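I opened a new notebook page for this entry. The plan is to look things up one by one and write down what I find.

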Amino acid sequence: MNENEKKATGLERICESRFPDGQVMERWRVVADEAGCELRSGLYEAWHENGQTREEGAYKSGKKTGVWKRFSGNGQLESEWEYADGAPVDGRFVRFHSNGQKKEEGDWFDGLKHGLWRLWDEAGAKIGEGQFD
């Protein structure tokens, strides 16, 4: 395939990066836009070296979109965050300890913590809360 064909509008391909042992570290799709620029589009996946999912989400026109999730090396959900047009969406944010217990929860508004935020220890006991305006 020559360079002109590679840059054709709508052409898509799967991209991967790998750990030194050859195992896939991350995988994403790119699509050429009207100007021939390749932009990430669709599902994004990343893994820890042990094969557990590290992160998953999606891109649209080169920007993060929808719910993105991060996982610990043992497969436990660490955080969820929603994106629109490449930026975090105002709303609920939740982070978890590696054992699956909730660690932190609160809301974002205009890029800042807003309202009541709560913190928990690894055993699930509430260890703090604070109000952000």
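How much accessible surface does the protein chain have, and what percentage of it belongs to carbon and sulfur atoms? I found about 8300 Å², with 47% belonging to carbon and sulfur atoms. Accessible areas here come from the Shrake-Rupley method with a 1.4 Å probe, and for residues only the protein chains shown count as cover.

Before going on, I noted that this is a predicted model, where local features need pLDDT of at least 70 and side-chain atom pairs count only at pLDDT 80 or more, while totals for chains, interfaces and linings use all residues. Residues are numbered from 1 along each chain as its sequence is written, and side-chain values use heavy atoms, leaving out hydrogens and water.

**Entry: overall form**

I looked up the elements and found one helix and twelve strands in the protein chain. These are DSSP runs numbered from the N terminus (helices are H or I, at least four residues; strands are E, at least two). The C-alpha atoms fill a box of roughly 60 × 40 × 15 Å along the principal axes.

I then checked burial: 25% of the 133 residues are buried. Buried means under 20% relative accessible area, exposed over 50%, and partly exposed in between (1.4 Å probe, protein chains only).

**Entry: two loops**

Most residues other than glycine have a negative phi. I noted Ser61, which is not a glycine but has a positive phi of about 55°. Ser61 sits in the loop between strand E5 (53–60) and strand E6 (63–71). Asp85 also has a positive phi, near 55°, and lies in the loop between strand E7 (77–84) and strand E8 (87–88). Is Asp85 buried or exposed? Asp85 counts as exposed, at 61% relative accessibility.

**Entry: aromatic rings**

I counted eight aromatic pairs. Rings of Phe, Tyr and Trp (its six-membered ring) pair if their centres lie within 6.5 Å; planes under 30 degrees apart are stacked, over 60 edge-to-face, and the rest tilted. Trp81 and Trp108 form a tilted pair, 5.3 Å centre to centre with 35° between the planes. This pair links distant parts of the chain, with Trp81 in strand E7 and Trp108 in strand E10 (residues 102–109), 27 residues apart. I also noted a cluster in which ring pairs link Tyr44, Tyr59, Trp68 and Tyr83.
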